[in-house]
Amino acid sequence: MRAKTSRRLVIDASVARAAGGEGATYPLSKHCRDALRTVLDVCHRAVMPPAIREEWNKHQSVFASQWRVAMVARKKLILEDTRPDPMLRGEIEAASSSEPGREAMLKDVHLVEAAQASDRTILSLDDAARDLFAGASRRVRALRTIVWVNPGSEADRARDWLDGGAPPEAAYRLRPGAPRA
């Protein structure tokens, strides 16, 4: 049997908040729980610089907290800080077509910065942010290398994708006008 590919993934606190326990029946809770479980089972690693850890600390579910402990025990949590990228932030500000869009992207730019410092992959439930960054990718080339997968979306097939090694499929990359998977 071929060894599975391990990737360094940035996992947004939205996934941690939604992940339900073993008895969860709500589809979003189940999908997020299953995605986190697959990350652990496949031996992917989670990138958690301080800004992301702080969000997790505020919003993680009981299941996500237990998952995080298991990730630490297996030395699969990457805790190094990622530096803000002033050039990326400036390009995003310039590319935004509205003040609310600019503010929303700057609120989540730390996810993109962490992804750039690792394997360029984000798991997040925030489709609005994904769409904003995809639109900005018209003018911000660096965004086009980022893979953004929504584990709560049936269309994104996150669990299968994670189980298959989380390859940087073109369908998941941030790009303008691209239909999502």
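1. Contact here means heavy atoms within 4.5 Å. Leu 36 touches Ile 11, Val 15, Ala 19, Trp 56, Phe 63, Ala 64 and Trp 67, leaving aside residues up to four places away in sequence.

2. This is a predicted model, in which local features need pLDDT of at least 70 and side-chain atom pairs count only at pLDDT 80 or more, while totals for chains, interfaces and linings use all residues. Residues are numbered from 1 along each chain as its sequence is written, and side-chain values use heavy atoms, with hydrogens and water left out.

3. The protein has eight helices and five strands, taken as DSSP runs (helices H or I, at least four residues; strands E, at least two) and numbered from the N terminus. Their order along the sequence is β-α-α-β-α-α-β-α-α-β-α-β-α.

4. Buried residues (under 20% relative accessible area, 1.4 Å probe, protein chains only) make up 47% of the 181 residues.

5. Leu 88, Arg 89, Ile 92 and Glu 93 in α5 meet a set of α6 residues, including Arg 102, Met 105, Leu 106 and Val 109.

6. Of the contacts in the protein with a separation of 6 or more, 74% are between residues 24 or more positions apart. The C-alpha trace spans about 45 × 35 × 30 Å along its principal axes.

Technical notes
Buried means under 20% relative accessible area, exposed over 50%, partly exposed in between (1.4 Å probe, protein chains only).
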